[in-house]
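Here is a short report to read alongside the coordinates. Keep the viewer open and follow the residues as they come up.

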Amino acid sequence: MNAEPDGPQDRLRRFVTIWSRAVFPVTTTSSTRPEFEEQLLPLARRLSRALRARAFDADEGRAVGAALVEAHCTDPEALSRTLDCVDAYLVLYCGGDADHEDQRARCARLQHAMAAGFAQALRARTLAEQEAIARAALQAQGVVAQALHTTEARFRAVFEGAAIGIGIADLSGNVLQVNGALLRMFGLSEHGMRGRNVREWTHPDDAPQTWRLYDELVRGEREHYHLEKAFYRPDGTVLWTNLTVSLLRDADGDPQYQLALMEDTTERRLLNLRLRYEATHDALTGLPNRSFFFERLEKALNAGEGQRFGLCYLDLDGFKTVNDSLGHAAGDRLLVEVADRLQACATAPGEMVARLGGDEFVALTTGPDTPRKVDELAGRIMNALLAPIRVDGRELTVRGSIGIVEGPAGERSPAEVLRSADITMYRAKSAGGNRFELADPEADARAITRHGLTTALPTALDRGEFFIEYQPLVHLGDGSVRGAEALVRWLHPQHGVLGPDRFISLAEHTGLIVPLGRWVLEQSVRQAREWRLLHGGDEAGPLRINVNLSPCQLTHPGLVQDTVEILERAGVEPDALCLEVTESALIGADDDLLKPLRRLAEMGVDIALDDFGTGYSNLANLRRLPVSVLKLDRSFTQSMQQFPADPVDLKIVEGIVSLAHSLDLAVTVEGVETGAQAEQLRILGCDTAQGWYYARPGPPERLHELALVDATG
Amino acid sequence: MERPAWAPRSIDVSVPSVSRIYDYYLGGSHNFEVDREAARKAMEFLPGLPKISQANRAFMRRAVRFAVGEGISQFLDIGSGIPTFGNVHEVAQGARPGAHVVYVDHDPVAVAHSQAVLAGNDDADVVAADLRKPREILDSAPVRRLIDLNRPVALLLVAILHFVEDADDPYGAVAELRDALAPGSLLVLTHASYEGVPLPPERAGGAVDVYHDIRNPLIMRSREEIARFFEGYDMVEPGLVPMPHWRPDTAPEDEDPYAFSGFAGVGRTA
C-alpha cells in the first residue's frame, strides 16, 4: 500500500479520518472510533474510484449509502454529515489531476446516489426490524397464550367440574358466566341463564341485610359477604344456598366483577325442618306437641301489654275404656279423628291446637279479645265432639271435659297456666264431664293444696309429722270410760294440724295408707298397753282402743299378720283392740274380703261397723259379717240435741238398737254433744257413746285423767 | 399457580417495554410507537439517553473481550433485551469461537426475538426467566446445557439491576447467583445513578418518572449502593467507575458527557 505523504493513499486516509470524526458522534455503534474509521475506509475507496472511473457508475454511490446503514449509521444526521463531508472533501482529497469541474458534477451525482442508497437500505432495515419485532411479539403472544391456555384449561376444568355453583356477574348484576353445578341447582339451561340479572333473584325469605351487603359489594365498599339465601327455581320450587359473594378487582384495584360461590343446602334445610317438625309435632296426630305448645304459650304470655291469652285444656271422658275394650289401635284412630276435628276448630290467626299426650289436648287463642274468643273456642270444641266417631265399624260417642284459663299476658308462667287449666279440667270432669269450666283461683288454690299435700305425704311419715289423738268412748249405763278411738292428725309444717278428712283419701290414692295405717295401729296398741299398765284390769274390763281401717288396708294381704305381730310385740290381748270398718267398705264384700276380718274376730279382735246407716246396708247381710259393734252415724243423733227429739229418729234408732242387740251386736253412737242427747240414747238402749259432751279428741294423758275422774266419780 | 413467573397475563404491545425502548435509543427499529413515545418523553428530560445506552454497549463489549482474555468461555447475560447488534455472543464468539452464551430476559417479546436471532447458533440460547428468581435461571434447560457451573462464568448484569426495586431484594438475587458460580467467575455490571449525569437530579428525575409511569420503575442508586452488589467479589482494575473510564480503548476525553452517567465495574470471585 502506498502511504507516502501526500500520496493518494495518504490523501484517502485523511478523507476517511475527517469523515469518521464527523459521523462517529451520531452513530450508535459500540465500536471505537478508530474501528469505525476502518469500517469507512473501503467505502471511501469506492467513492474515490467512482469519482475517477472512466464511466460513471451511480450504483457505487448507492452501495456506499447502504453500507453506512450497515455500519449502524442509521441516524439521518449521519447521512447529512457524510454528504457534507463528501461534498467538501472528496474531490479535494481523491480527485487527483483530472478535470475538477467534471469531478464536481460526478461528486454531486454520487451524493444523490448515496442518499438514495442510504434511504433504500434504511427503509429495508427498518421494515425488516419492524417485521422481526412484530413476529417476536406475535410469537411471544403465542407462547403466553399457550401457557394461558394451559392454565385456563385447568381453571375451566375446575370451574366446570366443581361441585359447588360458581357464577360471575358484572357490577350491574348481569350474569356473565356460570358453571354446570350452578345451572343444575337452578334447574336452568345455559340459555335460560343468559341475560339474567342478579337483582332479579329476590326471595321473600331474604334476610334483611341481603341486598344491603350486595350494594356495598358492587360499590366496592366490601370485599365479600356470606349468607344463606333462597332462590326460586323456574318450576316454582325453592333452592336454598349457602352463598359467598366476592368482589373481583382488576390489576389497578378497581372493582370489575362479582364472583358467587353457592352450595345447595335445600336438602339439608329440609332435613332440618323435618327434624324440627318431628321434634315439635306429635307423630300420631300431626298436631304440635307439648314442647311446641309450650313455646307458643310462652310467646303468648310474653306478648306485650294489652295482649291476652285463652286456653282450653281438653281431656276425653272415658277414653281409657275405649282403649281397654277396643284396643290401642282403635284408641289411636279415635285420637286422630279428634285431633282433626280440633284442628278445624282453631283456624283463626293466633289460634293453635296441640296434643299434650294421651287423650289430652290444648287449644290456644291469643289477642286482645280472648275472654270472648276462648269461650267460643270451647263451644266449638264441644260441638265438634258431638257427632259420633266411627272406628272399626262402631259409632263411638266422644265426650270431653274442658278447663278454660283466660287472662292477660305477662302475669303467669306457662307451667302455672297449664296447671290451672289441668285443675279446672278435673273440676269439669268431677262435675260429671262433658262440660267446660272456667278457672277459679280459689278452686285452684284448694287443688294446689291438695296437690301439695299429696306430694308431701310420703315424707311426712318419715319426718314424724303425724300424731294421734284419742277420743274417749263412754259407757252410757254408768258413764265410765271404756276406751278411746284413735284419730290420726298431721302436723303439717305450713298448714298446721290437719284432720284425717284432709289427707286420708290422698293417702289412699298414693298407697301411703298402708304404712300410715300400720303406724297408727302400732302407736294405738302401744298406748293401750300403757293404759292397761296404769289402770290394770278393773271391773269394767280393760280400756279398749278403736282404730280405723281404710278400705285399702282391708284388702292388703298383710293385714292379719301385721295386726297379730303388733299386738304380740306390745303384749296386748286382742280383745283390747277394736278395728272400725266403714259400712261402705263392706258393701258387696265377698268372702275373700271378709276372711281376714273373720280371722281377726276369731282371735278376739272386735270389729265395728263404722258410719252405720249412711250406706245402703243390706240389713240381712249383717248376719254374715264378723262384726260385734255397730257405730251409729252422727246424723241419727243430731236431732236429739234438742228436746223433744224427732219421734221418727227416735223410732229408727230404737229399731236399730233392738235389731243390733238381737244380733248380739253392741251399739255405739257418735257425735253426742249434750246431756239430753246422752240421756235419750241411754234410754234407747245404746251401749257406748263418744262426742264433745264427754271429751274432744286429745292427747293420751287426757284419757288417763278422764278415767281417773270416772274412777273416783 | 403454575403460570411461569416470567409470563405476563398477556402480551400487550400497547404497553411500552424497556427492551424496545433501549433498542430505540440504539437506533434500532425493533420497537413500536408506544416505545418510541416513551423514549422520546424520557429523552426530553435526559437527551443523552442514547449516548448512555451506547456507552453501556461499548463497556459490555470491552468487558466481554476482557473476560475472553481472562480465559472465560461461558457467558450468562441476564436482562439481555433485544440484541440489535454488538451482542455478547457476537463479541464473545468473535473473540473466541465456540464460546457459550445464554441470554436471560423476562420480556417474552425480547425472548422471542432472541430466539429468532440465535436460530442456528448451537452455542447460544435464551431463557425466559426473571432475575428475581435466580433458581429458575440456574435450573433452566439452556443454562444446564451450555453453562458448566464448575468452571468460571462471566455473569453480565448490564443495565438491569436499576429495574429491580429494593422490595424485590436485588442484593439477595445477586448473592444467590454469586454463590452458584465457580471461583474465577466474573460479574460484569452497570447501573444507573444520578452521579455523573451532566444535569441536575431534578431534571434527570423527569426521565425516572417516565419509567415509573410505564410501570418499569428506574431505581437510581448511589455508587456505594451499587458497590454492595460486588460483595464477595474482588474488583478488577479500575474498580467501579463511570463507563468510559473502564479500560478504555480510546481517550475518555473524546466521549460524550452523558456517557459518564452511572457506574460500571467487573468483579472476580475468589
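A:Ala570 counts as buried, because 20 C-beta neighbours lie inside 10 Å of this residue and a residue needs 20 or more to be called buried. Please bear in mind that this is a predicted model. A:Ala570 sits in helix α19 of chain A, which covers residues 559–570. Leaving aside residues up to four places away in sequence, A:Ala570 touches A:Val525, A:Arg526 and A:Arg529. A:Glu530 also deserves a look: 40 residues separate A:Glu530 from A:Ala570 in sequence, and the C-alpha to C-alpha distance is 9.6 Å.

Stepping back to the whole chain, chain A has 713 residues, and 34% of them are buried. Its secondary structure comprises 25 helices and 21 strands. Among contacts in chain A with a separation of 6 or more, 63% join residues 24 or more positions apart.

Next, a pair of helices. In chain A, helix α2 (residues 33–52) packs against helix α4 (residues 76–94) at an angle of about 70°, and their axes are 10 Å apart. That angle makes α2(A) roughly perpendicular to α4(A). On the α2(A) side the contact uses A:Leu47, A:Ser48 and A:Leu51, which meet A:Val86, A:Leu90, A:Val91 and A:Cys94 of α4(A). Sorted by class, this contact holds six nonpolar residues, one polar residue and no charged ones.

The angles described so far can be gathered in one place:

| Elements | Angle |
|---|---|
| α2(A) and α4(A) | about 70° |

Now for the nonpolar cores. The largest has 93 residues, and B:Leu76, B:Leu155, B:Leu156 and B:Val188 are those with the most contacts inside it. Helix α3 of chain B (residues 49–69) supplies the largest share of this core, nine residues. Not counting residues up to four places away in sequence, B:Leu156 touches B:Met60, B:Phe75, B:Leu76, B:Asp77, B:Ile78, B:Val88 and B:Val188. There is also a second, separate core of 62 residues, which includes A:Leu473, A:Val520, A:Leu577 and A:Leu632.

Finally, how do the chains meet? Contacts link 31 residues of chain B with 25 residues of chain A. On the side of chain B that touches chain A, the elements giving two or more residues are α3 and α5 (108–118) of chain B. Of the elements on that side, α5(B) gives the most, with six residues. By class, the residues of chain B that touch chain A comprise 14 nonpolar, ten polar and seven charged.

Conventions: Residues numbered from 1 in each chain as written. Chains lettered and ligands numbered in written order. Predicted model: local features only at pLDDT ≥ 70, side-chain atom pairs only at ≥ 80, totals over all residues. Core = buried A, V, L, I, M, F, W, Y, C linked by C-beta atoms within 7 Å. Buried ≥ 20, exposed ≤ 12 C-beta atoms within 10 Å, placed from the backbone. Helix = DSSP H or I, 4+ residues; strand = E, 2+ residues; numbered from the N terminus. Contact = placed C-beta atoms within 7 Å. Axes fitted to C-alpha atoms, helices over the stretch in contact; angles between N-to-C directions. Parallel < 35°, antiparallel > 145°, perpendicular 65-115°, else oblique. Nonpolar A, V, L, I, M, F, W, Y, C, P; charged D, E, K, R; others polar.
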